[in-house]
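Visitor: I'd like to learn how to read a few features off a model like this one. Could you walk me through them?

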Amino acid sequence: MRGWEKVGSSRSNLGRAGSTVTTNRITSTVRLGRVEPQAPGHRNIFCNDREANFLVRFKGNSISTTKYNVLTFLPKGLFEQFRRVANLYFLTISILSTTPISPVSPITNVVPLSLVLLVSLIKEAFEDWKRFQNDMAINNASIDVLQGQKWVEIPWKKLQVGDIVKVKQDGFFPADLLFLASTNADGVCYIETANLDGETNLKIRKALEKTWDYLTPDKASEFKGEIQCEQPNNSLYTFTGNLIIQKQTIPLTPNQVLLRNFVLSVMLEKRMPRALEYCNGEKGCSLRNTEYIVGAVIFTGHETKVMMNSMNVPSKRSTLERKLDKLILTLFGALFLMCLIGAIGSAIFINRKYFYLGLTADVEDQFNPNNRFMVFILTFLTLITLYSTIIPISLYVSIEMIKFIQSTQFINKDLHMYHAETNTPASARTSNLNEELGQVEYIFSDKTGTLTRNLMEFFKCSIGGEVYGTGLTEIERGAAQRSGGNVGKAQKSPGLIHEKGFNFDDARLMCGAWRNEPNPDTCKEFFRCLAICHTVLPEGEESPEKITYQAASPDEAALVTAAKIFGFFFYRRTPTMVHVRESHVEKMGKVEDMSYEILNVLEFNSTRKRQSVVCRYPNGRIVLYCKGADTVIYERLADVGNELKNITREHLEQFGSAGLRTLCLAYRDLSSSLYESWNEKFIQAKSSLRDREKKVDEVAELIEKELTLIGCTAIEDKLQEGVPSCIETLSRAGIKIWVLTGDKMETAINIAYACSLINNDMKQFIISSETNEIRDAEDRGDQVEVARIIKDSVKKDLKKYLEEAQHYLRTVSGPKLALIIDGKCLMYALDPSLRAMLLNLSLNCTSVVCCRVSPLQKAQVASLVKKGARKITLSIGDGANDVSMIQAAHVGVGISGLEGMQAVMASDFAIAQFRFLSDLLLVHGRWSYHRICKVITYFFYKNLTFTLTQFWFNFQTGFSGQRFYDDWFQSLYNVIFTALPVVILGLFDKDVSAKLSKMYPELYKEGIRNAFFKKRVVGIWAFFSFYQSLVFYYFVSTSSSTSQNSGKMFGLWDVSTMAFTCAVVTVNLRLLLMCNSITKWHYVSVGGSILAWFLFIFVYSGFLIPRDQNNEFFVIYVLMSTIYFYLTLLLVPIAALFGDFVFQGVQRWFFPYDYQIVQEIHRHEPEHSSRMELLEIGPPLTPDEARSYAIAQLPREKSRHTGFAFDSPGYESFFASQAGVYVPQKAWDVARRASMMRSRPKLPPKS
Amino acid sequence: MAGPSSAAAGSADRNSNRPKYSQFSQQELSACQPIVTPKLVITVFTVIGIIFIPLGIASLSASNDVVEISDRYETECIPAENRTTKDAKIQFIQNSQSDKTCTRSLTVPKHMKPPIYVYYQLDNYYQNHRRYVKSISDQQLRSPGSENDTSSCKPENEENGASIVPCGLIAWSLFNDTYSFTRNNNVSLTVNKTDISWKSDREHKFGKDVYPKNFQNGSLIGGATLKSSIPLSGQEDLMVWMRTAAMPTFRKLYGRIEVDLQANDVIEVSLNNTYNVYSFNGKKSIVLSTANWIGGKNDFLGVAYITVGAICFFLAACFTYIYLKKPSRLQDPSYLTWNTNPGPL
């Protein structure tokens, strides 16, 4: 270390100088874990000089994510196990049972405890072994390292700080590297970080110019630089350091740093299996488009930035398990009570008069009648060990096993949750929360990527009062299906053009056929408007096939694409001109290049809700084309032709309620004099220094009037497959779905419509910050004032709406309620003073839409409901912005299969599609909940029953704490004789089939109500435990007080063996009685358990006589030779189960659960019908039939919602703005961007 | 080398992520659905009734066939002047000088076929007390080599420095009342005291070459003494006694009378009332009983069978009545909770 200190101190000032040069750019977009304060000092690395670095002893590059090694496994593993209260409790009991106060031999408690520990330790060892193998595979992956003058392949783990390495195309970075040289010109390389931040675009890293040359081995071997850099830390986006090369100090920036593969490391960190296979797929975070690069190793192994980012995701426990803790506590209470009763009894009982007990003067304390208090204390301890079976020791390990199998075998392998297109199966990333899935009441969903595909498609339009487009939206299809119709996939007409952004099918407009429509001129205007009025940039070759459109919003791109396909191909933009290749001319096939001079662009903003372009035709005609929200356009229409307006409005409503996003198109012919006079005002406004925006808007108003309506467009914000029907199913299941999105309000509302979250029957409460009052305040710019105004208005709104909501709730058939709130208002509504009101209001609403919310707010909303309402919540999302929400909710679900692993990494379950939620919740969740409830109650029952027989017995032994059963019986009861069937129950019990679970989503409500693990349910079980234990004890003890047929009498151990046999048989049969479905495994396990008991007792009482105890010797043989044995064995279990059976019969008959009714309804249906049937599609209707049918299903009443939504520039990257990189975009920036495009370096072709 | 840079094998098969179908993982194992329908309930109850009532009647009649004579004697066998107080009783029983013989006469109510089992019954005697139960050394009983293996026997483990065989409270408190019988004045009845213990006890638990030693030599005599010439495997009374009873009221086999006893025979029992149950208010009885296939007199099983069977019949009848009278809720979707009470949602 001395060497390091010396070097360190002499160079420290240089290092500091370097750090000031480097910009400390911290992006908050992706931050894993907390960023720790940087360690003082820095490290000096001598590149390509192992001896020099040797002094410093940097850590090696091998990583280890294992928890244990051979030596630490046992102590550490055991320590982990004993952190569980139940295990610790049994350890205490085991220790107690080695003392003389114990009525049982240590075996009784040690055996089950060791078995439980053994199972857990084997599991741990197995998992750790898998991690070890993963580590080994990674550590042994090979990398080219410069040794001497050539590249030598060495395993990753041998890599050392300062080494020069070569990373080839698609290779992974073995450590954090300083980027020196690349085969690309300009010393750049491209890396893919999709897994880190979900961004699909390649990132560019640029090497320092000084080092570009060190590419070939002989050149690189000359490289003798020295790197001074920060100590290893976990901040992914910062890097501070200097490169000292040829006595020059050059500052280094994050731009020259290549981070060790992210996914691999994080997956390992999160102890995910199959990390390697995953990375070998196409999702790596690796070098792209570059033949190879050369880099110097700066941080290795565990010191790499990603490895230092250990994501300590707090492990979640299910609500049921927390309730289970309460039950266990209650059991402890019962245990205490039983011991107390016994101990008091014992202290009273003990007396010298029982001379046969030999209570002489020097008797030990426990039986000393002279010191009854001591008797009390010691008997209390005795009884604790005796009754310890009341705490089900194997419960936790059984549940763990069941859940593990449930998640790995059932959820992960469910074919119904396998998404073929992305080749992604569902994945349960934790097995803790299976049953939580069965109780979810609130779902918080992200919009983009989760509900929608973020794909805008031109879907329908209305031109001059005529609707074009035959497609059916998901919502129409869903509505049709719900009302019983069978709408297959609409058949597409032949020759249908389908490309990105265009999903339109109507032969009347395609291939120039619009010329034969009633009003071809309107069509022409419509298409021109689409082709001219926009801010899109064309990119690439100027042919219809090759061109790509760069648009600020996908809506715009979709509209321009539509124009292209209709024959108005926009192919070039210059700062003043828009070039359109039109094929409209009378002769077929003739194409004409038209160029329109763009005179003005009147930009889109959320106030104007419209966008206009003034253009001059080559023939001098000046036209203003305008597109925008129907409300603003209609206000500005010329006062003629009401009929068209009304028809178009009807169409708008129709589109809107079908979930489509609409825009109205209009134009106005301008005379040149009118235009000139207006333009002067416009230029003046634009060049004004104060309130420019406002003035521009005002001037725009002057010309945007007396418009002529052309028609409207309907764009489908393409939903993920099956979203509306899934949402409909989920809401029938009593689950409330909240959409939390960064989008603006119109879009969010529109999607809510499209997903059938909101419909026209609902009363909508809108809390928006887009009111005039607030806007005025914002214009004034006083932030304190703005905050006050918003807060007041939010408060006012909340109060008003809450009153209204309560009013509606009181009425019998009031409308359903929906709350729509935007991020700014939410910020104030989440204020502690208003939070309660917000919660109250939102819980009364069927749907809640929060728009323009930040990731933090998403998490706040989730925890508001989670903590405030104590409801079980689920968050689903796909992006890095959903991570906080996913972690805040009880259950986090990530959408996998797409790019971006952030959400998945933070999630508890990963599914490929939103619609799989219905399978995940209604099928797996519901079943898991049912099963775990049954497992817990059964464990409770069987242990209580067993322990209570001991308790009753103690009343007749002078409260001495004498054990009723043999030690081995007691120790094996839990782990052998009754262990397996309950696991089978937990795995296979199925109340209704998966198909019915989805057919009757309402069944899920039983889980939300927690119908199967309530105090009442547990109370009933306790009652029957009580009853059964009394039956076991009194029936057996009373009936055995007589002689057998040979005149001999039964002793204690004969009676207890009889009672134990009855108990084992009964408890196992009771399990069968509670099963909803009985497979062969049930028979095998139940039969096997009973058989195991008999085998055990035959062997135990026949041959194996433990040294100390031969109480049981030959007992079973004598017992079984008497008729008494068989009479009792028939009588006792039936008498014991009699009560349960009557209860079940009566309960089912008179107070049935819903699932029982459903069982009855579908009783005679074959069980084997697979869920596949649901997916079957009947004979499809023709498109026309389908459309007319679907339209017939739409609500008749006039809709207020017309579906306007348009993602204008500036909102598009709302999330980016949250990260602080918001740059307001102006429509006229388009031209500037166009010119920038040209100068940007072209990506090198893929090799 | 399966490193991340060699991206060959893993991604070769693009369909590898599709889970394989199996009935197990798709949770489509064939299963039967046991639905507790009214019909099933009625059927099950009827069947149980049909099986249980005959069984109950058979057991009960078998139990009734058993002739049992029981006579409680612990008070009567104490001279009247000593009966007044508990202390007087104890004094009497502990006085080795007092004459403890006593005669009881029993009348045979019905013909009793041999073997007629003679039992003694103790009440309020906690043979199942923990201190008592564990005060035994199985090793010592089994093998002579473990003679000193008496740690579990405290306080009756050793006397005068030598181990007691058999040690422990159970052996120490061995019952020592003796009975002899004469029928109809002076026809003596022999009591066969062999084969009253469990065969397994005789052959395995109690050693053939383990002889009583130092037994009942202490200042306090708990009960019977043992002939030190007979090995433990021959001490059948001891074996019977040491098979500790489950309940505080218990009977133990004393012997067998192997002649017929006619109705109205008068049996004279001359007994030696030496066992102290007075200090803890215990009771002592002598019981003569025959046994048949079901064993001794035991009404409980029969009554329990008949009761359960009868309740089953009764419930079956009730359910049938309700089933016919009241339409079943089952199978009717309108009873589903969400159809009956539409919530606010």
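Guide: Happy to. Let's begin with a cut-off: buried means under 20% relative accessible area, exposed means over 50%, and partly exposed is in between. Keep in mind that this is a predicted model.

Visitor: Next, salt bridges. What's the general idea?

Guide: Side chains of opposite charge can pair when their charged atoms come close. Over all chains, the structure holds 57 salt bridges. Take A:Glu785 and A:Arg788, whose closest N and O atoms are 3.3 Å apart.

Visitor: Why are A:Glu785 and A:Arg788 separated by about one helical turn?

Guide: Because they are three residues apart in helix 24 of chain A, residues 783-810. A:Glu785 is partly exposed at 25% relative accessibility, and A:Arg788 is partly exposed at 44%.

Visitor: Which salt bridge ties together parts from two helices?

Guide: Look at A:Arg1148 and A:Glu1160, with 3.4 Å between the closest N and O atoms. A:Arg1148 is in helix 39 (residues 1123-1150) of chain A and A:Glu1160 is in helix 40 (residues 1154-1161) of chain A, so the pair ties together parts 12 residues apart in sequence. Both A:Arg1148 and A:Glu1160 are buried. Elsewhere, salt bridges with shared partners join A:Arg608, A:Arg610, A:Glu635, A:Arg636, A:Glu701 and A:Glu704 into one network.

Visitor: Now the backbone. What should I look for there?

Guide: Most residues other than glycine have a negative phi, and most peptide bonds are trans. A:Gln246 is not a glycine, yet has a positive phi of about 45°. You'll find A:Gln246 in the loop between strand 9 (241-245) and strand 10 (248-252) of chain A, and it is exposed, with a relative accessible area of 56%. B:Asn281 has a positive phi of about 55° and is not a glycine either. That residue is in the loop between strand 11 (266-272) and strand 12 (283-289) of chain B, and at 47% it counts as partly exposed.

Visitor: Which peptide bond from a valine to a proline is cis?

Guide: The one from B:Val165 to B:Pro166, with omega near -10°. B:Pro166 is in the loop between strand 6 (162-163) and helix 6 (169-172) of chain B. A cis peptide bond also joins B:Pro114 and B:Pro115, with omega about -5°. B:Pro115 lies in the loop between strand 3 (101-107) and strand 4 (116-123) of chain B.

Visitor: Last one, helix packing. At what angle do helix 21 and helix 30 of chain A cross?

Guide: Roughly 20°, and the axes of helix 21 (residues 723-732) and helix 30 (residues 916-955) of chain A come within 9 Å. That makes the two helices roughly parallel. The crossing of helix 21 and helix 30 of chain A is left-handed.

Methods. Residues are numbered from 1 along each chain as its sequence is written. Chains are lettered from A and ligands numbered from 1 in the order in which they are written. This is a predicted model: local features need pLDDT of at least 70, side-chain atom pairs count only at pLDDT 80 or more; totals for chains, interfaces and linings use all residues. Side-chain values use heavy atoms; hydrogens and water are left out. Axes are lines fitted to C-alpha atoms, for helices over the stretch in contact, and angles run from 0 to 180 degrees between N-to-C directions. Helices (H or I, at least four residues) and strands (E, at least two) are DSSP runs, numbered from the N terminus. Angles under 35 degrees count as roughly parallel, over 145 as roughly antiparallel, 65 to 115 as roughly perpendicular and the rest as oblique. A crossing is left-handed if the near helix is turned anticlockwise from the far one by less than a right angle, and right-handed if clockwise. Buried means under 20% relative accessible area, exposed over 50%, partly exposed in between (1.4 Å probe, protein chains only). A salt bridge is a side-chain nitrogen of Lys or Arg within 4 Å of a carboxyl oxygen of Asp or Glu.
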